[in-house]
Amino acid sequence: MALTLKHLFAVIMLSGAFSLVSAMLFVVMDAVDVAFTEAAVGAGVSTVLMLATMALTVRVQKETKKPILLPLVVVCLVGVLLIYGTLDMPNFGAFDSPAQAHLGSTYLNITYKDMGIPNVVTGILASYRGYDTLGETVVVLTAGLGVILLLSGLKGRKDKE
Amino acid sequence: MKHHLILKVITKFMVGVIVLFGLYVQFHGDYSPGGGFQAGVIIAAAFILYGIVMGLENVQKVMPIWFAQKAAALGVLVYALTGVFSIIFGFEFLNYHAISPEHPKHGQHYGIILVELGVGITVTFVMIAIYYSFAGRTPRLDDKEW
């Protein structure tokens, strides 16, 4: 349905709903931390930012005369390739999948002994992989700085002139 | 949104609950799902909700622009200083054993809480600052346009 919609408000709302549904998928797959993030960022904050962007620009998509056949073929082809790629993946929850067999089980065994906290995800993120998380935090700050510089800077210059 | 009485009443109630839940996710992150990033986004969502319903001026009375922009850097500082703290006491960067050398587990616990707090502060205020940047440029919309 989102393909034929021209009203951007409806498209943004649909993408927010899609985020919420994929958050539920993450809950079903026991990745609750990811589900939190998806629900709050994907469905919440980014929907608001998209609405703000739409309020700055236009509300209805422009009519185009370009043929849609080629993009449709490309999208279908990529979709088929992705589905073909999933055929080689281990079954959902398989105990001998690479994710469970190698490093994952090591962390599951040593995290509680090392730290005494039950949430292995937090243990890995904040302690074993502390450097990475510091880098990620800096990335978030840099992204924020970029947006502030791009969007607030112009306003200041206009005021000076 | 001048006349949306129900939205305003519900928002006033919900903002407190959302912030409380964010704090729970933040400080209970080592026992239950969650952590600094999730908590930061949830708390920021509370402020953004308040901003949408009550208007940008009102939320900026509670959380001024300059504060959000400066506090975003504070979180990274908290994180990095936790690491520097370890160096000062003769351990590796971000080795939390330095915080409590006799009880390494306690040290890990405190260290994780500290760095998660740093992540939470940065994410909260970066999200709020990004929202301010977008919303501050938005021309005011009439309700009819939606």
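**Notebook: chain A and its contact with chain B**

I began with the two chains and found that 40 residues of chain A are in contact with 49 residues of chain B. The model I am reading is a predicted one.

Entry 1, the side of chain A that touches chain B. I looked up which elements supply it: H2 (32-56), H5, H6 and H7 (130-160) of chain A each give at least two residues. The largest share comes from H7(A), with 15 residues. I then sorted the residues of this side by class and noted 25 nonpolar, 12 polar and 3 charged.

I picked H2(A) and helix H5 of chain B, residues 104-137. Their axes come within 8 Å and cross at roughly 20 degrees. Angles under 35 degrees count as roughly parallel, and H2(A) and H5(B) are therefore roughly parallel to each other. I noted the crossing of H2(A) past H5(B) as left-handed. On the H2(A) side I listed A:Val45, A:Val48, A:Leu49, A:Ala52, A:Thr53 and A:Leu56. They meet B:Met127, B:Ile130, B:Tyr131, B:Phe134, B:Ala135 and B:Arg137 in H5(B). By class this contact has 10 nonpolar residues, 1 polar and 1 charged.

I turned to H5(A), residues 103-115, and H6(A), residues 120-128. Their axes come within 10 Å, and I wrote down a crossing angle of roughly 75 degrees. That makes H5(A) roughly perpendicular to H6(A). From H5(A), the residues in this contact are A:Tyr107, A:Leu108, A:Thr111 and A:Met115. Facing them in H6(A) I found A:Val120, A:Gly123, A:Ile124 and A:Ser127. The contact divides into 5 nonpolar and 3 polar residues, with no charged ones.

I counted 7 helices and 0 strands in chain A. Read from the N terminus, the order is α-α-α-α-α-α-α. I checked the extent next: the C-alpha trace spans about 60 × 50 × 25 Å along its principal axes. The radius of gyration of chain A is 22 Å, whereas a compact globule of 161 residues would have one near 15 Å. I also looked up burial and found that buried residues make up 19% of the 161 residues in chain A. Last, I took the contacts in chain A with a separation of 6 or more, and 38% of them join residues 24 or more positions apart.

Definitions and conventions:
Residues numbered from 1 in each chain as written. Chains lettered and ligands numbered in written order. Predicted model: local features only at pLDDT ≥ 70, side-chain atom pairs only at ≥ 80, totals over all residues. Axes fitted to C-alpha atoms, helices over the stretch in contact; angles between N-to-C directions. Helix = DSSP H or I, 4+ residues; strand = E, 2+ residues; numbered from the N terminus. Parallel < 35°, antiparallel > 145°, perpendicular 65-115°, else oblique. Contact = placed C-beta atoms within 7 Å. Nonpolar A, V, L, I, M, F, W, Y, C, P; charged D, E, K, R; others polar. Rg over C-alpha atoms; globule rule 2.2 N^0.38 Å. Buried ≥ 20, exposed ≤ 12 C-beta atoms within 10 Å, placed from the backbone. Left-handed = near helix turned anticlockwise from the far one by under 90°.
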